[in-house]
Amino acid sequence: MYKDELIHVGNLINFNAFIPENYRAQIRKKELAAIATYDGTSQDALVGVSVTAVHAGWLELVWLAMGEDYRQDMQAADYLRYVLRREKRTGQYVGAFCELHEGEDTRMHRDILTLAGMEIKTAKNNIYELALSEVEHTDMLFAAANNADCRFFSEIAEDLFELAEEKIYEDERVVPMPTYLDSEEYSQELSVMALEDGVPVGVLLLSEAKDYLSIELCYSASVKAMPAMIGTALKKARKLYPPDKRVMMSIVGRRAAELIEKLVPRAVRGEITEAVLWFEAGKTKKKAQIVQKLLRGNAYEAYMDR
């Protein structure tokens, strides 16, 4: 018989070997929930650990790790079925989903998810990869930059960061914003803030990791701000890096995706394996559209369509 134990700040250290540090940090901040499951018939041996999140009435399976003696595929599938049944019985969720980025273990994970009763499909993810030289319509972007008040982080006073942070958190849309906007974590020479009448209306966060420039966030509360910030950063990046410098960005929202596909039609999107299990009976076309929005990261649109 399985027995569950809630993982919290007080006992989290006991599960360091099973939960990656980035998830442990989110558990401490109560952004993620975690439960350890033991086999009560086998001297309380650890069966597995589940880490979950909630999005617009859906349960996301963020991370599962199996105990040392429970790592066979069938054991993992049995544990996953248990987790799904446990969460379904709460009556809190429309269903459960998870995402698997393509890699060496994807086929094995896909088999386990299927055995657990989840529906599997492969689709394009929301991460775009491109080269600086592949950006088109640069005249429009540079003109937008020249007609806007866009400043690099190296030029911005601290009080403007605080105003920008407040504006983002007050926005009713779902913004994939870090808990605290620490400007020092991002490139001071490329990250941009857009201002209108001295008030922040947009933030473009960039960082450099290995051989890539990474766009961490492109937030805009103004129609003019987004192309202006992109134009400002692009102009500077082309001075600092060669034309083949790679850029990666994660896009949240249909409008942002449409803009990127227009500016960089040759941008490459990776593939992701999506697994879904409906807890509610009677899957409809509308429900299918809702879950697709959710799996693309559009939690706000999915919530409004419910």
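**Note on strand β11, its neighbours and two helix contacts**

1. S214 stands opposite M248 in strand β11. The chain crosses from β10 through helix α6 (residues 225-240) to β11 in a right-handed β-α-β crossover; right-handed means that, with the strands pointing away from the viewer, the path from the first strand over the helix to the second runs clockwise. Helices (H or I, at least four residues) and strands (E, at least two) are DSSP runs, numbered from the N terminus.

2. The model is predicted: local features need pLDDT of at least 70 and side-chain atom pairs count only at pLDDT 80 or more, while totals for chains, interfaces and linings use all residues. Residues are numbered from 1 along each chain as its sequence is written, and side-chain values use heavy atoms, with hydrogens and water left out.

3. Overall, the chain has 9 helices and 12 strands. Of its 306 residues, 47% are buried, that is, under 20% relative accessible area, with exposed meaning over 50% and partly exposed in between (1.4 Å probe, protein chains only). Among contacts (heavy atoms within 4.5 Å) between residues at least 6 apart in sequence, 68% join residues at least 24 apart.

4. Strand β11 (residues 246-250) pairs with two strands; pairing requires that DSSP finds at least two bridges between them. With β10 (residues 212-220) the sense is parallel, over 4 bridges. With β6 (residues 119-131) the sense is antiparallel, over 5 bridges, and there S250 of β11 is the bridge partner of I127.

5. Which residues of β11 are on its covered face, and which on the uncovered one? V247 and M249 are on the covered face, whereas R246, M248 and S250 are on the uncovered face.

6. Helix α6 also meets helix α4 (residues 138-146): their axes come within 7 Å and cross at roughly 105°. Axes here are lines fitted to C-alpha atoms, for helices over the stretch in contact, and angles run from 0 to 180 degrees between N-to-C directions. The two helices, α4 and α6, are therefore roughly perpendicular to each other, a term for angles of 65 to 115 degrees. On the α4 side the contact includes T138, L141, F142 and A145; on the α6 side it includes P227, I230, L234 and R238.

7. R86 deserves a separate look. It lies in helix α2 (residues 73-88). Is R86 buried or exposed? R86 is buried, because its relative accessible area is 11%. Not counting residues up to four places away in sequence, R86 touches D4, I35, T37 and S50.

Conventions:
Angles under 35 degrees count as roughly parallel, over 145 as roughly antiparallel, 65 to 115 as roughly perpendicular and the rest as oblique.
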